[in-house]
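Work through the exercises below with the structure open. Each task is followed by its solution in steps.

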Amino acid sequence: MADSTDILTVKGLKAYYRMAYFGIDREVRAVDDITLSIRRNEVYGIAGESSSGKTSLIKVLAAAIRPPLEVVDGALTYRFGDIEIDPYKASSEEVNAIRWKHLSYIMQGSMSVLNPVRRIRHSFSDFAFQPMGVDKKTFWERTRAHLERLNLSPDILRAYPHELSGGMRQRVTIALATVCQPEFIIADEPTTALDVVVQKDVLAMIRDVQRQMGSSVVFVTHDMSVHANIADRIGIVYAGRLVEEGPTRTLFTAPKHPYTAHLVGSLPRIGDTTTKAALEGRPPNLADPPSGCRFHPRCPLAIDKCKTEVPPLETVGQSHRSACWRADEVKPLAPVAGQPAQVTP
């Protein structure tokens with residue numbers, strides 16, 4: 001069960017890609033005025049189609065941004081026990097002190113983490129030895145015990161990445177990100193490019209780790225079926241903005257934003273043979289986003305007000321927020337009324 005206290009608070013966060021080419025300044029609003037909070041001991045899912053700003057958002061949360069991406073406004077605050085820190089106002093030494101020990105990151109693609117010409121043990125030593133703050137003998141004892149706890153053989157420490165399957169490498173990166181028992185874990189599409197059987201094992205591993213350590217997890221994927229199986233709450237991101245947020249079951253059975261309704265309605269369901277309606281159009285250009293609600297060019301419920309005024313993210317139910325002028329008129333597109341997605345990755 002999630003704790004009622006927040007481990008992360010984000011207020012009015014804006015992060016833009018700012019570039020200058022041939023004397024022309026260009027600004028891409030990848031993260032635009034996002035406010036959310038993440039509780040202790042919960043899995044918070046972030047969903048949205050490609051180019052919606054998901055990866056940019058979690059890079060900002062992980063304090064792992066590089067130019068041309070920069071934070072231009074807002075604040076984010078982590079609370080780790082007695083430590084309260086905004087990584088964009090703290091010194092680099094203070095930020096480095098919370099990495100891996102308190103704040104960890106499971107990157108998309110295991111080969112982005114593991115050095116292909118060094119054995120697995122070197123990756124553990126490079127990333128986790130200093131944050132753990134123990135002597136070498138104790139470090140390796142804890143590392144082997146952690147691998148066994150995750151049903152991984154300590155023998156993999158002697159292997160090279162290419163000697164492991166894709167699924168096994170992904171399990172190793174999860175073990176690497178959690179060996180220091182962090183309180184907050186960011187997972188960037190960790191099941192990408194894995195077949196459904198391996199996906200199920202990886203998701204079960206992440207859930208087991210989260211329950212054992214009581215950590216908070218931000219889980220990013222465009223696959224709503226994955227969120228249905230792992231997330232406690234979901235935030236829906238569209239064109240750099242948070243358009244809906246709520247408990248997983250609520251978003252699947254009673255969405256209050258047309259975009260969420262289309263995401264949920266696109267999922268296959270047992271016994272359903274109906275044709276799925278495609279969402280017309282494409283995500284907007286974030287260098288020149290549309291006025292008002294950014295979803296209005298594709299929205300079947302759009303009215304004139306949607307084209308000129310930005311809808312606020314307002315409470316529409318218990319722990320449920322939506323940014324839509326016609327939230328009360330949104331109907332689930334699911335062919336089986338009242339049923340959550342019946343999918344198992």
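**Exercise 1.** Find which ring face lysine 305 lies over.

Solution. In this predicted model, lysine 305 lies over the face of tryptophan 325. The distance to the ring centre is 3.9 Å, and the cut-off for a charge over a ring is 6 Å. A second case is lysine 136, placed over the face of phenylalanine 129 at 4.5 Å from the ring centre.

**Exercise 2.** Classify the ring pair of phenylalanine 129 and phenylalanine 139.

Solution. Searching the whole structure gives eight aromatic pairs. In the pair asked about, the ring centres are 5.5 Å apart and the planes stand at 85 degrees. Planes over 60 degrees apart count as edge-to-face, so phenylalanine 129 and phenylalanine 139 form an edge-to-face pair. Phenylalanine 129 belongs to helix H3 (residues 120-132) and phenylalanine 139 to helix H4 (residues 136-149), ten residues apart.

**Exercise 3.** Decide whether phenylalanine 139 is buried or exposed, and do likewise for phenylalanine 129.

Solution. Buried means under 20% relative accessible area. Phenylalanine 139 has 0%, so this residue is buried. Phenylalanine 129 has 24% and therefore counts as partly exposed.

**Exercise 4.** Identify the edge strands of the eight-stranded open sheet.

Solution. Write out the strand order: S6-S7-S8-S3-S9-S10-S12-S11, with mixed pairing. S6 (103-106) and S11 (314-317) each have a single partner strand, so one side of each lacks a neighbour in the sheet. On average, neighbouring strands are turned by 25 degrees against each other, direction ignored.

Notes. Residues are numbered from 1 along each chain as its sequence is written. This is a predicted model: local features need pLDDT of at least 70, side-chain atom pairs count only at pLDDT 80 or more; totals for chains, interfaces and linings use all residues. Side-chain values use heavy atoms; hydrogens and water are left out. Two strands pair if DSSP finds at least two bridges between them. Helices (H or I, at least four residues) and strands (E, at least two) are DSSP runs, numbered from the N terminus. Axes are lines fitted to C-alpha atoms, for helices over the stretch in contact, and angles run from 0 to 180 degrees between N-to-C directions. Rings of Phe, Tyr and Trp (its six-membered ring) pair if their centres lie within 6.5 Å; planes under 30 degrees apart count as stacked, over 60 as edge-to-face and the rest as tilted. Buried means under 20% relative accessible area, exposed over 50%, partly exposed in between (1.4 Å probe, protein chains only). A charge sits over a ring if NZ of Lys or CZ of Arg is within 6 Å of the ring centre and within 35 degrees of the ring normal.
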